[in-house]
Amino acid sequence: MGVKTRIAAALLGALLAAPAARAQSYQGTIGYGGGGIWFGDFNEQGPSLALQSGWLASVHAEHYMGRGRLGVRAGAAFTQRPFDAAGLARDINTWLFDGSLLLRPLPVDQRRNMVPFLSLGAGMVSYGFGEGRPVVFEESGAVYPGDTDRQLAVVGGLGVDIVPRLSLFGTPLGVRLEAADHVALESPFETPGGDALGPVHNVRVTLGLIGLVELP
């Protein structure tokens, strides 16, 4: 049996032998995950200018109050996606940051292993096109001005926490499935006349592992 196989077997044994976690009896989570992201069009008035869809990595930390009905979260996500238009071909580093309120329609209850939640907040989307000279996309009728890659955003989403009765090294574990839209209030591009272009959707779907901070 190889070293990697023995390590995997030991981790699986720890999971199965650990004390059962109390389903949904927690006051916060810390988690990370991955999934996919789909980008809206940067250019609402002409031929499409958009990043390609693809992978995404995310992290978050959150705290719940009122037996889990209301929570606050700080989150971040990152992806690097290709952009190729009008002679500009590069991989664009994109960051999504948000602070959100989370609402659970159902209270935290030890009888429940699946609890949905809604989220609403604000943050920032950073598109790493770089700063410097403007880039003109003549066929699309748009300009990247070279200094507006960070855009304010509103964020909304929904998800569900699934809490199996497992723990790892004393930390109760759960799984989170979530879909959210980070809507940049303005495009990082503008019209040739310098006017702002409209909002840009950045839709992510993630599946992640969460560590649970239990209620006393």
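Read along the sequence, the chain follows the pattern α-β-β-β-β-β-β-β-β-β-β-β, that is, one helix and eleven strands. Helices (H or I, at least four residues) and strands (E, at least two) are DSSP runs numbered from the N terminus. The model is predicted: local features need pLDDT of at least 70 and side-chain atom pairs count only at pLDDT 80 or more, while totals for chains, interfaces and linings use all residues. Residues are numbered from 1 along each chain as its sequence is written, and side-chain values use heavy atoms, with hydrogens and water left out.

Of the 216 residues of the chain, 43% count as buried, where buried means under 20% relative accessible area, exposed over 50%, and partly exposed in between (1.4 Å probe, protein chains only). Among contacts with a separation of 6 or more, 67% join residues 24 or more positions apart; a contact requires heavy atoms within 4.5 Å. The accessible surface of the chain comes to about 10,900 Å², and carbon and sulfur atoms hold 63% of that area, as computed by the Shrake-Rupley method with a 1.4 Å probe.

Rolling a probe the size of a water molecule over the atoms shows where empty space is left. The structure holds one cavity of 30 Å³ or more, and the largest cavity has a volume of about 180 Å³. A cavity is a set of points, on a 1 Å grid over the protein atoms alone, where a 1.4 Å probe fits but cannot get out; lining residues have an atom within 4 Å of a point. Grid points are joined across faces, edges and corners, and the volume is the space filled by probe spheres set on the points. Of the 21 lining residues, Ser-58, His-60, Glu-178, Arg-204 and Thr-206 lie nearest the centre of the largest cavity. Strand S11 gives the largest share of this lining, six residues.

Strand S11 (residues 200-214) also gives the most to a nonpolar patch, with three residues. This surface patch of about 430 Å² is made by Trp-38, Leu-177, Val-203, Val-205 and Leu-207. Val-205 is partly exposed, at 34%.

Definitions and conventions:
Patch = residues over 30% accessible without salt bridge, like charges linked within 9 Å, V, L, I, M, F, W, Y side chains within 5 Å. Salt bridge = Lys/Arg side-chain N within 4 Å of Asp/Glu carboxyl O. 1 Å grid on protein atoms, 1.4 Å probe; cavity = no way out; pocket = protein on both sides within 12 Å on 5 of 7 lines; lining within 4 Å.
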